[in-house]
Amino acid sequence: MWKRERLVSDLQAMRVREGDSLIVHASLRAIGRMEEGADTFLDALLEAVGAQGTVLIPAFRLERDRESDFPAPCLLQREGAVSSRHPLLPFAALGANAAFLTAGAPFHYPLGTNSPLARLYQLNGGALLIGVGYAAHAALHLAENWADAPYARRRRLVRVEEDAWQEMEGSPECSAGFGKIEPVLRQARLLREGYVGNAPAQYMRLQQAVSMAREMLCGNPESLLCDAPDCEPCTQARRFTRRQDVR
Ligand SMILES: [Zn+2]
């Protein structure tokens with residue numbers, strides 16, 4: 001049974017520091033049993049970043065991410081927690097920079113410029129992956145936008161009210177190929193690796209990870225797409241990039 005104090009020292013061992021603003025993608029299942037479950041984990045995060053730090057978590061209303069099970073409501077119950085406004089891809093935040101991160105989130109390109117992720121990048125924030133793979137690493141979508149990958153402009157119909165739909169530009173699609181950047185980041189020594197409870201964990205600076213992803217995409221716009229032959233978004237994305245080459 002993991003206690004808060006132990007999780008705090010696990011986070012500190014990966015050089016999570018007081019004053020850090022960070023996004024957390026975590027599997028509570030992978031961490032293992034904790035005294036008060038998700039609250040123990042959240043308390044450990046808040047203690048590690050201290051009063052000047054900020055914890056940001058995605059509260060996406062998407063089906064596909066089954067790995068991360070650290071629920072945004074757990075954070076939103078806390079006093080002072082705020083949420084960005086987006087019908088599909090909102091974020092929850094708590095801490096010194098929570099309002100800055102979540103204010104004025106754009107409807108189009110929800111994981112691009114001016115999004116909570118872009119603001120976190122601006123603050124030189126960090127990303128924690130705990131017991132989850134890179135498919136959860138939403139900040140890499142920033143690189144797709146900023147490298148102007150042709151497929152990053154895709155549109156999707158989003159339900160904005162009970163019976164109102166609106167077309168959203170810049171829809172982030174499949175992230176199953178994001179793991180392709182992991183060996184590159186490791187080789188560049190940009191990953192601080194450790195364990196949180198039983199879960200293997202990584203901590204990295206957003207600016208470094210996103211710059212590296214951007215370089216990969218500028219070299220080859222297909223470099224972060226997945227290789228599943230039946231993946232519709234990635235097949236379509238390859239068609240987009242090849243059509244651009246021809247032009
Ligand atoms: Zn894919």
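This report describes the strands and helices of a predicted model.

## Basis of the model

Residues are counted from 1 along each chain, in the order in which its sequence is written. The model is predicted, and local features need pLDDT of at least 70, side-chain atom pairs count only at pLDDT 80 or more, and totals for chains, interfaces and linings use all residues.

Helices (H or I, at least four residues) and strands (E, at least two) are DSSP runs, numbered from the N terminus.

## The seven-stranded sheet

Seven strands make an open sheet with mixed pairing, in the order β3-β4-β2-β1-β5-β9-β8. Two strands pair if DSSP finds at least two bridges between them.

β1 and β5 run parallel and are joined by five bridges; Val24 stands opposite Leu128 in β5. On the β9 side, β5 pairs in the antiparallel sense over five bridges, with Ala127 opposite Met204 in β9. β9 (residues 199-205) also pairs with β8, again antiparallel and over five bridges. In that pairing Gly194 stands opposite Ala201 in β9. Helix α9 (residues 206-219) packs on the sheet and touches β5 (126-130) and β9, its direction making about 85° with that of β9.

## Burial of β5

A residue is buried if 20 or more other C-beta atoms lie within 10 Å of its own, exposed if 12 or fewer, and partly exposed in between, with C-beta atoms placed from the backbone. β5 is mostly covered, with five of its five residues buried. Gly126, Leu128 and Ile130 point one way from the strand, while Ala127 and Leu129 point the other way.

## Helix α3

Helix α3 (residues 38-49) lies across β1 (21-26), β2 (54-58) and β4 (91-95), and runs at about 140° to β2. Axes are lines fitted to C-alpha atoms, for helices over the stretch in contact, and angles run from 0 to 180 degrees between N-to-C directions. The expected span of a helix is 1.5 Å times one less than its number of residues. The twelve residues of α3 should therefore span 16 Å, and the end C-alpha atoms are 17 Å apart, which agrees.

The buried residues of α3 are Thr40, Phe41, Leu42, Ala44, Leu45, Ala48 and Val49. They pack against α1 (4-13), β1, α2 (28-31), β2, α4 (72-76) and β4. Just after the helix, Gly50 takes a positive phi of about 70°.

## The α1 and α3 crossing

The axes of α1 and α3 come within 8 Å and cross at roughly 50°. The two helices are therefore oblique to each other; angles under 35 degrees count as roughly parallel, over 145 as roughly antiparallel, 65 to 115 as roughly perpendicular and the rest as oblique. The contact is made by Arg4, Leu7, Val8, Leu11 and Gln12 of α1 and Thr40, Phe41, Asp43, Ala44, Glu47 and Ala48 of α3. Two residues are in contact if their C-beta atoms, placed from the backbone, lie within 7 Å.

Ala13 belongs to helix α1. Ala13 is partly exposed, with 15 other C-beta atoms within 10 Å.

## The β6-β7 hairpin

β6 and β7 form a hairpin with two residues between them. β6 and strand β7 (residues 164-169) pair in the antiparallel sense over six bridges, and the bridge partner of Arg155 in β7 is Glu169. Of the seven residues of β6 (residues 155-161), the number buried is zero, so the strand lies largely in the open.
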